[in-house]
Amino acid sequence: MDLLNTLVDKGLRRELPTREEALAVLATSDDDLLDVVAAAGKVRRHWFGRRVKLNYLVNLKSGLCPEDCSYCSQRLGSEAGILKYTWLKPDEASKAAAAGLAGGAKRVCLVASGRGPTDRDVDRVSQTIKAIKDENEGVEVCACLGLLSDGQAERLREAGADAYNHNLNTSESTYGDITTTHTYADRVDTVQKAHAAGLSPCSGLIAGMGESDEDLVDVVFSLRELDPDSVPVNFLIPFEGTPLAKEWNLTPQRCLRILAMVRFVCPDVEVRIAGGREVHLRTMQPLALHLANSIFLGDYLTSEGQAGKADLEMIADAGFEVEGADQVTLPEHRAAGGCHEGAGACGSAPADAQPVAGEPRTDLVAVRRRGAGTDLAPNA
């Protein structure tokens, strides 16, 4: 396909595709899917080889969030039967992190529910970062604590945090449909604060909330403009007890097309398959490794993932290798703080096209009952 040849050439040059080209990727047929994966795979391998970076989530504070994000099982008014607990102590969080690191993870992502941290919360997380780094030399730590106030990103950086995650989630035009307690601009501001403080910015999206192809392209183009080092791609987990519980809009094929589009738009960025890969990609997960160069190992914040051992076997069986702690994830020009060339922003489907709805697979959504906040061993 001429489209795919063009996108590969642009990806190898770090050149931003047109919106029409990005939309055309999402509109490709299932008959062309393997060609799409192969093309995006060339771009992925050019910048990241066959390495897969493993990340591990530690949920520092679960549930009871005052924000009303419709997709979230921890939201205000959620009736999902998730674990609820207040802040883990630094030694508890360090112990939880150690399980993931022993499983091969090189980055620990410390997440806490809430609108944003108080200064006392930043102190608490700073102690946790120190506890983890004292026990694990060379580990990367990413914090995800919500909206940041002035000066908080700098304090996290001084405490040893390497990165900060705050997702845009969806397009600016539809953001108010999923959240009313804060704005899209608030999220952009937090990513910019993290970047300005010297933290590696991490910002991504959630697919499967009923958005259009145009919405998906809008948010990915916005992400490229923000220039994060890593872009997590979440696939909505429709938790019972949340407003989006009936949104089963994804198929494995659509998930692969979305990942391919993200790779073409952000060719030299760490693209991470995040929450929902087991629920929506299912047996197609190995194909997604040809598009993304990063995954979460084991469980997520409030849902269970597949066994960490199965993740490692999948990576090996697909012909990929786990990225070592001594390997630099990003290409040299990004790791050295360089910027994209020829791109002002992070480098066609019919207007009425809608995702093909999948059958609800509530059997695949398992609430996390182990690991952080429990007495049971974690999945790592």
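Good morning. The protein exposes about 14700 Å² of surface, and carbon and sulfur atoms supply 49% of that area. Accessible areas here come from the Shrake-Rupley method with a 1.4 Å probe, and for residues only the protein chains shown count as cover.

Please note that this is a predicted model, in which local features need pLDDT of at least 70 and side-chain atom pairs count only at pLDDT 80 or more, while totals for chains, interfaces and linings use all residues. Residues are numbered from 1 along each chain as its sequence is written, and side-chain values use heavy atoms, with hydrogens and water left out.

Let me begin with the whole protein. Its secondary structure comes to 14 helices and 10 strands; helices (H or I, at least four residues) and strands (E, at least two) are DSSP runs, numbered from the N terminus. The radius of gyration is 19 Å, close to the 21 Å that the globule rule gives for 380 residues, so the protein is as compact as a globular protein of that length. That radius is taken over C-alpha atoms, and the globule rule is 2.2 Å times the number of residues to the power 0.38. Taken along the principal axes, the C-alpha atoms fill a box of roughly 55 × 45 × 40 Å.

How much of the protein counts as buried? Of the 380 residues, 61% do. Buried means under 20% relative accessible area, exposed means over 50%, and partly exposed lies in between (1.4 Å probe, protein chains only).

As for charge, there are 40 positive and 56 negative side chains, and the centres of the two sets lie 4 Å apart. Lys and Arg count as positive and Asp and Glu as negative, whereas His and the chain ends are not counted. The place of a charge is taken as NZ of Lys, CZ of Arg, CG of Asp or CD of Glu.

I now turn to a group of polar residues. Asn-55 sits in strand E1, residues 51–61, and counts as buried because its relative accessibility is 0%. With which side chain does the side chain of Asn-55 make a polar contact? The partner is Ser-294, at 2.7 Å. A polar contact is a pair of N or O atoms within 3.5 Å; within protein, one must be able to donate a hydrogen and the other to accept it, and residues adjacent in sequence count only if both atoms are side-chain atoms.

Glu-270 belongs to strand E8, residues 270–273, and is buried because its relative accessible area is 3%. Its side chain has a polar contact of 2.7 Å with the side chain of Ser-294 and one of 3.0 Å with that of Arg-272. Contact in the wider sense means heavy atoms within 4.5 Å. By that criterion, and leaving aside neighbours within four places in sequence, Glu-270 is in contact with residues including Asn-55, Lys-53, Asp-229 and Thr-329.

Leu-259 is buried because its relative accessibility is 0%. Not counting residues up to four places away in sequence, Leu-259 touches Val-233, Phe-235, Val-271, Ile-273, Leu-281, Ala-288 and Leu-291.

Next, the loops. Gly-116 is found between strand E2 (107–112) and helix H5 (119–135), and at 30% relative accessibility Gly-116 counts as partly exposed. Beyond four places in sequence, Gly-116 touches Asp-121, Leu-145, Gly-146 and Leu-147. Asp-326 and Lys-106 are 220 residues apart along the chain, yet their C-alpha atoms are separated by 9.3 Å.

Two further loop residues concern the backbone. Arg-14, between helix H1 (2–12) and helix H2 (19–26), has a positive phi of about 60° although it is not a glycine. Asn-169, between strand E4 (163–165) and helix H7 (175–178), likewise is not a glycine and has a positive phi of about 75°. Arg-14 is buried, with a relative accessible area of 10%, and Asn-169 is buried at 3%.

Thank you for your attention.
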